[in-house]
Structure formats: structure tokens, C-alpha cells
Amino acid sequence: MTEPMKITVWVLPNCVQCNQTKKEFDKLGIQYQVRELNRNPKAVDRFKELGLLAAPIIETDDRRWSGFRLNRIRSLANHLQNERIRGINVPLEPLKQVADEVEDE
């Protein structure tokens, strides 16, 4: 079996949408790491280049979006469930995450 899909949730302090996103991920059993946008200006700049302007910003191996998007969260949960059933955890060509490019300051 391959490595599990890497999921990063980029958040801001006191962000209602960020907290709601993490709550939905937890409810659906989606494992993720949290990174703080306010501690990483390079990440903020990179996300702006990508057109992602609202917190939270979610990155997976094959998709990226910003803001609280319940439809995307549910789609991700379904995708992960289907991969578990098939014994596959990672897409063939993973997306390089901004989380891999930058360090917190």
C-alpha cells in the first residue's frame, strides 16, 4: 500500500471558516496537517500567484482550493473512501504543495 494522501489546511488566527473546515475534516475522519498563513509570508505570496485569496487554503496531492467549501470537503472524503476501498492512497502525479516549498518564519 502507498503512503496516505498529504492534506494541508492553511489557516489564519480566529478564522471562522478555517475552524469550520477543520471541524468538517475531523467529523469525516480526514487526516490533515495545519499550517499558519500568518507565519509564512512566502506561502501567502505563492497562493496569491495561484489566485487563492481566502482562508483557509486546502492543498491535497491533486487539488487545491480556498475558503470553506463543504462540497469540496465532501468530495475529498468520497475520494479518500474510494481510494481506501481500492487500496490506493496517492494519485500517480501528485501536486507539489506550497507547504513543501516554504518554511514558517
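## The largest nonpolar core

The largest nonpolar core in this predicted model has 24 residues. A nonpolar core here is a set of buried Ala, Val, Leu, Ile, Met, Phe, Trp, Tyr and Cys residues joined through side-chain atoms within 4.5 Å. Buried means under 20% relative accessible area, exposed over 50% (1.4 Å probe, protein chains only). The residues with the most contacts inside this core are Ile7, Trp10, Phe25, Ile30, Phe47 and Leu76.

Which elements give two or more residues to this core? They are β1 (8-11), α1 (16-27), α2 (41-49), β3 (57-59), α3 (70-86) and α4 (98-101), and α3 gives the most, with 4 residues. Helices (H or I, at least four residues) and strands (E, at least two) are DSSP runs, numbered from the N terminus.

## A look at α1

Take α1 next. Cys18, Thr21, Glu24 and Phe25 are buried in α1. Seen down the helix axis, the buried residues fall within an arc of 130 degrees (taken from the directions from the axis to the C-beta atoms), so they line one face of α1. Turned away from that buried side are the exposed residues Val16, Lys23, Asp26 and Lys27.

The buried residues of α1 pack against β1, β3, β4 (64-66) and α3. Leaving out residues up to four places away in sequence, Phe25 is in contact (heavy atoms within 4.5 Å) with Ile7, Val9, Ile30, Tyr32, Ile58, Trp65, Ile73 and Leu76. After α1 comes Gly29, with a positive phi near 75 degrees.

## Reading the numbers

Residues are numbered from 1 along each chain as its sequence is written, and side-chain values use heavy atoms, with hydrogens and water left out. As this is a predicted model, local features need pLDDT of at least 70 and side-chain atom pairs count only at pLDDT 80 or more, while totals for chains, interfaces and linings use all residues.
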